[in-house]
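Dear colleague,

Please find below the structure that I am handing over to you.

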Amino acid sequence: MTQAEQLIRMAEDELTEYSTDARKIEKLRRKFSFAVPYPQQQAVREEVAASIPNNFVAKLIEENRQTVALPFWGIGGLGLLLGISGQQPLDLIATGIGFYVAFQVQKLGWELQAKRLVLQTLDEIDASVKNPEPETAP
């Protein structure tokens, strides 16, 4: 597993917790500092940034993954309902396809969101190293 993949997995773990983005970034800053030395972080950032697609569909899925997947969950559920009640095996194919597409959309959105969180965290680390905050006297 490369360092970029390792950071993405850490960000995915952090996405499972219900908290603000600022809190997630603060928690990830400590983890990233231990996982990847600062001089290597820029190279890892470029690698992660290069892996994020910039097309319209990818941005839509990243920002609204649940909304995009909802129609496919509906198709899967309706196919299951009609396949069982009407005893029509062809409707069960729609169930499999609908559930598969919905799951893949959710998974892609989750990965894109984690990659974006990695980029935000690495930018935050870089900004804090370049512009350290002066300590205030009590």
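The notes that follow cover helix packing, the nonpolar core and several individual residues.

Please bear in mind throughout that this is a predicted model.

Helix packing

Two packed helices are described by the angle between their axes and the distance between the axes. The pairs below are presented in those terms.

Helix 5, residues 65-85, packs with helix 6, residues 89-130, at an angle of about 160 degrees, and their axes are 7 Å apart. That angle makes helix 5 roughly antiparallel to helix 6. The crossing of helix 5 past helix 6 is left-handed. In the contact of helix 5 with helix 6 there are 15 nonpolar, 10 polar and two charged residues.

For helix 1 and helix 2, the axes come within 10 Å and cross at roughly 150 degrees. Helix 1 and helix 2 are therefore roughly antiparallel to each other, since angles over 145 degrees are classed in that way. Helix 1 passes helix 2 in a right-handed crossing. On the side of helix 1, the contact involves Gln3, Gln6, Leu7, Met10, Ala11, Glu14 and Leu15; on the side of helix 2, it involves Lys24, Lys27, Leu28, Lys31, Phe32 and Ala35. By class, seven of the residues in the contact of helix 1 with helix 2 are nonpolar, two are polar and four are charged.

Helix 1 also meets helix 6, where the axes come within 8 Å and cross at roughly 105 degrees. An angle from 65 to 115 degrees counts as roughly perpendicular, and helix 1 and helix 6 are therefore described in that way. Helix 1 contributes Leu7, Ile8, Ala11, Glu12 and Leu15 to this contact, while the residues of helix 6 include Trp110, Ala114, Val118 and Leu122. The contact of helix 1 with helix 6 comprises nine nonpolar, one polar and three charged residues.

The nonpolar core

The largest nonpolar core has 21 residues, and those with the most contacts inside it are Leu7, Phe32, Val44, Val48, Val118 and Leu122. At least two residues of this core come from each of helix 1 (3-15), helix 2 (21-35), helix 3 (38-50) and helix 6. The most is given by helix 6, with seven residues.

Which residues does Val118 touch, not counting residues up to four places away in sequence? They are Leu7, Ile8, Ala11, Phe32 and Val48.

Individual residues

Glu62 lies in helix 4, residues 56-63. Its relative accessibility is 15%, so Glu62 counts as buried, the limit being under 20%. Neighbours within four places in sequence aside, Glu62 is in contact with Leu112, Gln113 and Arg116.

Ala49 is found in helix 3. Because its relative accessibility is 31%, Ala49 counts as partly exposed. Ala49 and Leu119 are 70 residues apart along the chain, yet their C-alpha atoms are separated by 7.1 Å.

Asn64 is located in the loop between helix 4 and helix 5. With a relative accessibility of 33%, Asn64 also counts as partly exposed.

Yours sincerely

Methods. Residues are numbered from 1 along each chain as its sequence is written. This is a predicted model: local features need pLDDT of at least 70, side-chain atom pairs count only at pLDDT 80 or more; totals for chains, interfaces and linings use all residues. Side-chain values use heavy atoms; hydrogens and water are left out. Axes are lines fitted to C-alpha atoms, for helices over the stretch in contact, and angles run from 0 to 180 degrees between N-to-C directions. Helices (H or I, at least four residues) and strands (E, at least two) are DSSP runs, numbered from the N terminus. Angles under 35 degrees count as roughly parallel, over 145 as roughly antiparallel, 65 to 115 as roughly perpendicular and the rest as oblique. A crossing is left-handed if the near helix is turned anticlockwise from the far one by less than a right angle, and right-handed if clockwise. Ala, Val, Leu, Ile, Met, Phe, Trp, Tyr, Cys and Pro count as nonpolar, Asp, Glu, Lys and Arg as charged, and the others, Gly among them, as polar. A nonpolar core is a set of buried Ala, Val, Leu, Ile, Met, Phe, Trp, Tyr and Cys residues joined through side-chain atoms within 4.5 Å. Buried means under 20% relative accessible area, exposed over 50%, partly exposed in between (1.4 Å probe, protein chains only). Contact means heavy atoms within 4.5 Å.
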